[in-house]
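Biologist: Could you take me through this model and tell me what stands behind each label you use? I will keep asking until the terms are clear.

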Amino acid sequence: MSWPEPPDWLRLEVEPRRLARGGTVTVAFDAPHDRIAEYPRELGLACLAHHAGRFKTGEVGNPGGRFRVDRQDVVCADWRLLDDAEGEFEFTVPGEGPYSYEGDVVSFYWGVWLRAEARVLDREAYVAVVVDP
Amino acid sequence: MKLRIDLEQGTFAAGDPVNGEVVVLDGGRSRGAAIELRFVERSLPFEHVAFATEPVQLTDEELATGAVLPFALALPAEALPTVQTEHGSLIWELRVAVDVPLMPDFDERLELLVAA
């Protein structure tokens, strides 16, 4: 899986990059004031599920045919408003939530994301975090 | 054909024994039955068996109503815990497969709750 690079104006430090469920991740950020003031953004620790879904199509040559289509959905996330140019957030990984897993029909990926406020799928930045069982 | 899988315990951890019995509630023509533990990725309507233990033969005989077939298996030492989410699950299950002559195999499954 490939992920977008963090924008060059944002510095993110994520510690630790690998932890067990129930552990805490500290995310330090540093960004120019004008970028933060441009429009509201949120920083979050989120788990994305990549999973197989079923899609029914009636396209020419395959009327009523079914194809496997992989989808991405946020399984759990903790978002914080990024309202300062620099600072630090602490995120706790749920003790009973998903752990990092890469499979055939289900995968769970953890990471630190930046998004436009309240737009779940508008991911702008990513730092991978590995969550062990 | 109707089977019921009874377990000695309800929650498991990696490496735990998985002991119990298969009760034949409604028997029928068969050439035997085997049981295995499987780690299954599930994203409805798809599923993928990521790992399965070697099947253990429960019997080579026809399944008679009322028969009780004990089994003793074990979760692998590195077994991952159960995860269930709205968008996909990782689960352990017991699967009993009955070899039915000239018919597709019959199977009975039971999900296990495996904690970290």
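Modeller: Gladly, and let us begin with a term: a polar contact is a pair of N or O atoms within 3.5 Å, where within protein one must be able to donate a hydrogen and the other to accept it, and residues adjacent in sequence count only if both atoms are side-chain atoms. This is a predicted model, in which local features need pLDDT of at least 70 and side-chain atom pairs count only at pLDDT 80 or more, while totals for chains, interfaces and linings use all residues. Residues are numbered from 1 along each chain as its sequence is written, chains are lettered from A and ligands numbered from 1 in the order in which they are written, and side-chain values use heavy atoms, with hydrogens and water left out.

Biologist: What joins the side chains of B:Arg109 and B:Glu93?

Modeller: A polar contact of 3.4 Å joins B:Arg109 and B:Glu93 through their side chains. The side chains of B:Arg109 and B:Asp107 are also joined by a polar contact, of 3.4 Å.

Biologist: Why does B:Arg109 count as partly exposed?

Modeller: Its relative accessibility is 35%, and partly exposed is the range between buried (under 20% relative accessible area) and exposed (over 50%), taken with a 1.4 Å probe on protein chains only. So B:Arg109 counts as partly exposed.

Biologist: Which strand holds B:Arg109?

Modeller: B:Arg109 sits in β10 of chain B, residues 106-115; strands are DSSP runs of E, at least two residues, numbered from the N terminus. The C-alpha atoms of B:Arg109 and B:Arg95 are 4.5 Å apart, although 14 residues separate them along the chain.

Biologist: Why does B:Ser30 count as buried?

Modeller: Because its relative accessibility is 8%, B:Ser30 counts as buried. It belongs to the loop between β3 (17-26) and β4 (33-43) of chain B, and its side chain reaches the backbone nitrogen of B:Leu63 at 3.0 Å. Contact means heavy atoms within 4.5 Å, and beyond four places in sequence B:Ser30 touches residues including B:Met1, B:Val98 and B:Pro101.

Biologist: How many salt bridges are there between chain A and chain B?

Modeller: The count is 0, a salt bridge being a side-chain nitrogen of Lys or Arg within 4 Å of a carboxyl oxygen of Asp or Glu. Polar contacts do occur between chain A and chain B, in 7 residue pairs with both at pLDDT 80 or more.

Methods: Helices (H or I, at least four residues) and strands (E, at least two) are DSSP runs, numbered from the N terminus.
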